[in-house]
Amino acid sequence: MSEAHAGKQFGEQFGTTSAAQTRPFRTSDPRLEPIARKVMAGERLNFDDGVVLYGSPDIFAVGWLANSVREKLHGDLTYFNVNRHINPTNVCVANCRLCAFGRKKGTDGSYTMDLEQAWAAAASGYSEAVTEFHIVGGLHPDLPLEFFLDLIAGLKERFPQVHIKAFTMVEIAFLAKRAKLSIPETIERMKAAGLDSCPGGGAEIFADRVRHIICDHKIDGSEWLDTARMVHQAGLKSNATMLYGHIENDEDRVDHLLKLRAVQDDTGGFQTFIPLAFHPDNTPLDHLPRTTGMTDLRQIAVGRLLLDNFPHIKAYWQMMTPQIAQIALRFGADDVDGTVIEEKIYHDAGATTPQGMRRQDLMRLITEAGRVPVERDTLYRNVTRTEDSFTVAV
């Protein structure tokens, strides 16, 4: 596939009948003019284009371009789901400078659920029937692969309708190494136990220079990408993330996005790109400032413009606040994640957003942004809900 043709093919595959913006493009930054012509023609942007988009002072023109792509693909539709986060343990052998969640075994604040506690957490505290369990946790030195296989199988037995999205690429590679299995063998065992898809965490920034400083104890960027390929080759979908706002530069960000795009060209297995703002509180990097709203919006927009083969861009309201997430729906985002219920990882790093949001509140957030809320399942199939039951369009 030629690069010029890739964007057009994606538009044909994922386009909607809703009208995109019809107003002419205007900008105070002449460097954006040739990029705008490419975007309007459905041509693929390159590395240099990405650097310009990050550096342009005309953030509103960048947002306009991203919104035009978003509306060509999805019109006014904005997706959300009713999900629950489960973090079985925060015990972790890694010592990442970016993390406020992980604890060493036996230290204050460390915890590890047993299977009954994890299953109870899945069932507790919420009346709306969830369609997804989102499961991630620390790299525990003692818990074997079998523990996590039993966890998934037990959830499937108790909640057969709920989609299980579990295990980042980092967790899969770690568990495979501990079990002395290949990564494909590990993925197949997870699938057999009931794994339905994978989240996108642990990608951070792929550049070695940055990764050696912020998360040197994790797999490297190439290993993350290779593991994602193997997940997709096994027939599972996954998401992809990028952690921004720490020590990376614009070139590192563009490199990260283009590496994700290249894997997507090969596998088509990524569903959603989720930019994650770094929260420095309670981490060894707490001297760094938090990202601004403008930085968050620009990241959404550049992600939408460079990732022409990703169907969805998510404004994760837990990270960027519900208010910025609303604005992001005009800067390229078409998804706001879900109800979450109890989010631990970013709240340990100082997030002040609520730990969960009710379905009706999410719908109001989307509607007040001038968009049309659509409840989805993890695979972006429409969900029809009657009180506490639901039906998924297949």
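**View 1. Arg 376 lies over the face of Tyr 380, at 4.3 Å from the ring centre.** Welcome to this predicted model, in which local features need pLDDT of at least 70, side-chain atom pairs count only at pLDDT 80 or more, and totals for chains, interfaces and linings use all residues. Residues are numbered from 1 along each chain as its sequence is written, and side-chain values use heavy atoms, with hydrogens and water left out. A charge sits over a ring if NZ of Lys or CZ of Arg is within 6 Å of the ring centre and within 35 degrees of the ring normal. Another charged end, that of Arg 158, sits over the ring of Trp 119, 3.7 Å from its centre.

View 2. Rings of Phe, Tyr and Trp (its six-membered ring) pair if their centres lie within 6.5 Å; planes under 30 degrees apart count as stacked, over 60 as edge-to-face and the rest as tilted. Tyr 79 belongs to strand 1 (residues 77-81), while Tyr 380 is in the loop between strand 10 (372-375) and strand 11 (383-386), 301 residues apart. Helices (H or I, at least four residues) and strands (E, at least two) are DSSP runs, numbered from the N terminus. Both Tyr 79 and Tyr 380 are buried, where buried means under 20% relative accessible area, exposed over 50%, and partly exposed in between (1.4 Å probe, protein chains only).

**View 3. Phe 206 and Trp 224 form a tilted aromatic pair.** Their rings are 5.6 Å apart centre to centre, with 45° between the planes. Phe 206 is in the loop between strand 5 (197-198) and helix 9 (208-214), and Trp 224 is in helix 10 (residues 221-233), 18 residues apart. Phe 206 counts as buried because its relative accessibility is 2%; Trp 224 is buried too, at 0%.

**View 4. Thr 321 has a positive phi, near 80°, though it is not a glycine.** You can find Thr 321 in helix 13 (residues 317-328). Thr 321 is partly exposed, with a relative accessible area of 26%.

**View 5. Asp 337, also not a glycine, has a positive phi of about 70°.** Asp 337 lies in strand 9 (residues 335-338), and its relative accessible area of 5% makes it buried.
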